[in-house]
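Trainee: Could we go through this one together, helix by helix and strand by strand? I'd like to ask as we go.

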Amino acid sequence: MLQIEKYAYCNPLRGVHPGEKFLFAVATMMTCLALNSLSVSGIVLFLMAGVTVWKGSIPLFFYIKLLSIPLFFLMAGTITVAINVVHNPDHALWSWQYANLSFGITMESLLACAKLFLRSIATVSCLYFLSLTTPLVEIISILRKLKIPELFLELMSLIYRYLFVLLEMAERIYSSQSARQGYSSIKNSYRSMGLLASSLLIRSHQRSLNLYMALEARGYNGTIKVLEQRYQLSKRNLLLIAITELSLILVDYLNGGSL
Amino acid sequence: MSRYIFEMQDLHFNYPDGTAALQGLSVSIERNKKIALLGANGAGKSTFLLHLIGILKPVKGKIIFNGQELKYDRASLINLRNKVGYVFQDPEIQLFSASVWQEVSFGPMNLGLTNEDVENRVIRALKDTDTTCLKDRPTHFLSYGQKKLISIADILAMNPDMIIFDEPTASLDPKYTHRILDLLNDINQRGVSIVMATHDVDKAYEWADTILVMKDGWIIKAGPPEEIFNNEHLIQNTSLEKPLLLKIFKELQLNGYLPQNRTAPRNVNQFIEILHQNALNKAL
């Protein structure tokens, strides 16, 4: 997770208006979801991967590793789509009998499975583009412009910030425990892990009290107001995004929406 | 305006667990001074400092801020905290935002300034703390020393009349310690009063205009560094130690290596100067 963070903050696309990146990712994702065509999904996957790896300077190997994470869930999900109850086993590519039902894979179900699989992975690549090139703080500021309730946004930013504080705290407790043989046996490990979790809880509570005090000292009055950084909108990028989406729709149209 | 920014009269404070943290603390804090607050762990330093921004409220006694008794309603507290800033010892407590830029902008935003003014203040505070290059970095990728500087920029951006530092140089390397102390001097030159809690007697002796010594929940002595550290009785009765420089100087004077009429040096350079002059005088 920390690796993704690092790329999000230090990539060549960091200076691009976060709104443009958000629009690009979301618009492409919507187009891909709405068209539900094999060719469009394939193009989106390669387009997003290409932009992320090439323009965002994300190492290809790391990107592939990242894409392979949801692969397992996708496989499990899509295989069940491919296998159906078939009424006419002669039409199936492959089938077997169980009690009175026959299960099998047909051409249509295989196509549906491939469509679903490719569409999902293409959507994931859209989200990866956003999370690998745009820090969460900037995504939150886009959400703020989209009028998401302030409470959610404040919670999001505080949770995001304190994730790292807690992670560091947990790491410290863990090393201090292992330095005293806290994880030397399975029994010790269970006990130490429990102690770690409970002391983490108590300390986070203490942290939250301290945080409140520190915010109050700087004039906090119920809402966390901060200044967003300004970015320049680029007409060229907006045009490129529009062209991309239109081309995707055109590809689908030329295909007759079949594939 | 009154000569004192703060006057404390007979403050008492107890923590919920029954610890009497302040027991009749009285002190006056002069404007535009560099003040060091010394005292052992548990002497009540942080408790005292948190009273200065109204986070803690005394059970007895009163605080006079800018010539007026401090009240604890919302408006008075906001007014107080706009003028008195507090830099917490652990920057991790203070930094709530994942973005350095947003973090520093929080204080000035609360002052109700326009976005443009806030932006200028943030830019200025980052420049003053020499952290402009960290502007686009996330707070969780900063080093401890960098976090400390950002926590100071946080407060500087609010332009307060007085800044309280709770052990600003604790667990910093010598380079950062130096940088922070220089920064505190710069801030003070602009007319900002500074109160710094510390355990470092050498630094306090060299840096402070006034030293407050705390013990058992009250200030047992306040005065210029020379006076405090030449008070043998005080040093014996508290956990204070004599600054190394002063100790060596006194020893040399006592054994006749240096003339009795010289005033004690406040820093190493002054000490070297005295030694040089002494050597010259002897050679003549």
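Trainee: Which helices of chain A are among those covering the buried residues of H3(A)?

Mentor: Bear in mind that this is a predicted model, where local features need pLDDT of at least 70, side-chain atom pairs count only at pLDDT 80 or more, and totals for chains, interfaces and linings use all residues. Residues are numbered from 1 along each chain as its sequence is written, with chains lettered from A and ligands numbered from 1 in the order in which they are written. Buried residues have 20 or more other C-beta atoms within 10 Å of their own, exposed ones 12 or fewer, partly exposed ones fall in between, and C-beta atoms are placed from the backbone; in H3(A) the buried ones include A:Val44, A:Leu45 and A:Met48. The cover includes H2 (18–35), H4 (60–68), H6 (107–133) and H10 (235–254) of chain A.

Trainee: How far does H3(A) reach from its first C-alpha to its last?

Mentor: Helices here are DSSP runs of H or I with at least four residues, strands are E runs of at least two, and both are numbered from the N terminus. H3(A) covers residues 38–55, 18 residues.

Trainee: How do H2(A) and H10(A) lie, roughly parallel or roughly perpendicular?

Mentor: Axes are lines fitted to C-alpha atoms, for helices over the stretch in contact, and angles run from 0 to 180 degrees between N-to-C directions. H2(A) and H10(A) pack at about 5 degrees, axes 10 Å apart. Under 35 degrees counts as roughly parallel, over 145 as roughly antiparallel, 65 to 115 as roughly perpendicular and the rest as oblique, so H2(A) and H10(A) come out roughly parallel.

Trainee: Which strands are at the edges of the four-stranded sheet?

Mentor: That open sheet of chain B is ordered E2-E1-E4-E5, with antiparallel pairing. At one end, two bridges join E4(B), residues 60–65, to E5(B), where B:Ile64 stands opposite B:Glu69. The strands pairing on one side only are E2 (20–30) and E5 (68–69) of chain B.

Trainee: Last one: which helix gives the largest share of the side of chain B that touches chain A?

Mentor: Residues are in contact if their C-beta atoms, placed from the backbone, lie within 7 Å, and here 32 residues from chain B meet 26 from chain A. H2 (74–83), H3 (91–94), H4 (100–110) and H5 (115–128) of chain B each supply at least two residues of that side of chain B. The largest share, seven residues, comes from H4(B).

Notes
Two residues are in contact if their C-beta atoms, placed from the backbone, lie within 7 Å. The expected span of a helix is 1.5 Å times one less than its number of residues. Two strands pair if DSSP finds at least two bridges between them.
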